[in-house]
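The sequence and the structure come first.

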Amino acid sequence: MPDDTVRSATYTVPCEDYVHVVEFSPYDCGSPASLLAYGGNQYVVVGTCRFKEEDTEVEGVEFTSLQVFMHGVRVDAIAWSPETRLDKLPPVIRLCTTAADKKIRLWTSNLQNNCDVKLMEGHTSYINHLVFEPAEGKQIASVSDDHTCRVWDLDGNETTSFRLRSPGVSVCWHPEDICKLMVAEKKGTIRFYDLVTQHAILSLDSGQMPLMSADWCLTNTIKVGAVVSNDWVIWDITRSSYPLEKRPAHVGKARHFRWSKANENLFATTGYPGKINSQLLVHHLGHPQPVMIGSASVGAGLSWHKTLPLCVVGGDRKLFFWMTEM
């Protein structure tokens, strides 16, 4: 593999805590900057990012902290609400977090003196992932080691629950059809549920385990990707319930899989946090080898910018950003 694929981060931003999870908002917030949230051991930081690729007056990256939410316990997952707007008066910041205490926290702030947090309780084990319904943000879906996927309203009421056959690791909402939910299970199965009939309508099988992370390509929803053991796998849901393509990705177990929001053929995977050389790999469906290897000593979380081919990984008191030149 040519050495020019191995790259240190394009940009870094210092943080005051170890970053366990980081998420760009996938929604338009009414600002030219992108919203970014990251979670540490005690708190969640919400801010805006601007990159020189978007604004030539920016030198590299400009991160502006907007608000710090005191979390009190380690942050494990973050989901943005589409209701978040910076162009309203007052502005609205809304996001959800999960933590090791098995609770979901719904945060709503006007970036002034009004901050509300609502606790959602019901899961009996570790919550691995959660997502807002993308059209109006009035529902939240979460998956857990307790073998359930649960859907909540904004008052914290559980409106739907699906029994899973193994721990739930990822959940994605269809971008246009809000009745369709994708749920990935650790034992290697991905199911699509109809929220009206509350039945599974399609399932995919990776043929191996453990499946650690899966993502629905929201720019082309026939594509689903995941990391299973140390491989990445891709499905075309119109063709087969078995993977269309599969490649080894990481020497140890792979941890995250995320599709780019800027290019439907681009995706990223990460190795397990805590390894000496936890790597970010950026892949393109038209290339047999990774198009970029991002080297960071440790990494946690993975998220893509909503319009740029740029992804972010958290680390020890740092955010690492990699720009992919496509």
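In this predicted model, the sulfur of C311 has its closest cysteine sulfur in C49, 13 Å away. A disulfide needs two cysteine sulfur atoms within 2.5 Å, so the C311 and C49 pair is too far apart for a bond. C311 has 0% relative accessibility and therefore counts as buried. The count of disulfides by this rule is 0. C149 is likewise in no disulfide, and the nearest cysteine sulfur to it, that of C172, lies 11 Å away. C149 is also buried, because its relative accessibility is 0%.

Next, the backbone. Most residues other than glycine have a negative phi, and most peptide bonds are trans. P90 sits in the loop between β7 (75–80) and β8 (93–99). P210 belongs to the loop between β18 (199–205) and β19 (211–216).

Positive phi values occur at L111 and H147, neither of which is a glycine. The phi of L111 is about 65°, and L111 is located in the loop between β9 (104–109) and β10 (115–120). With 24% relative accessibility, L111 counts as partly exposed. H147 has a phi of about 65° and lies in the loop between β12 (139–144) and β13 (148–153). Its relative accessibility is 27%, so H147 counts as partly exposed.

V251 occupies the loop between β22 (245–248) and β23 (254–259). Is V251 buried or exposed? At 87% relative accessibility, V251 is exposed, because the cut-off for that class is over 50%. V251 and P90 are 161 residues apart along the chain, and 48 Å separates their C-alpha atoms.

Strand β26 (residues 292–295) pairs with β1 (residues 6–7) and with β25 (residues 279–284). The β1 and β26 strands run parallel and are joined by 2 bridges; in this pairing R7 stands opposite G294. The β25 and β26 strands run antiparallel and are joined by 4 bridges, with V282 opposite M292.

The largest pocket holds about 660 Å³ of space. It is lined by 28 residues, and those closest to its centre are P26, V131, D215, L218 and K261. Elements giving two or more residues to this lining include β3 (21–24), β11 (127–132), β15 (168–173) and β27 (300–304). The most comes from β11, with 4 residues.

The second largest pocket holds about 540 Å³. Its lining has 29 residues, of which D76, Y126, N128, R255 and H256 are the closest to the centre. Two or more residues each come from β3, β7, β11, β15, β19, β23 and β27. Here β7 gives the most, with 4 residues.

Technical notes: Residues numbered from 1 in each chain as written. Predicted model: local features only at pLDDT ≥ 70, side-chain atom pairs only at ≥ 80, totals over all residues. Heavy atoms only, no water. Buried < 20%, exposed > 50% of the residue type's maximum accessible area, 1.4 Å probe, protein only. Pairing = 2+ DSSP bridges. 1 Å grid on protein atoms, 1.4 Å probe; cavity = no way out; pocket = protein on both sides within 12 Å on 5 of 7 lines; lining within 4 Å. Points joined across faces, edges and corners; volume = space filled by probe spheres on them.
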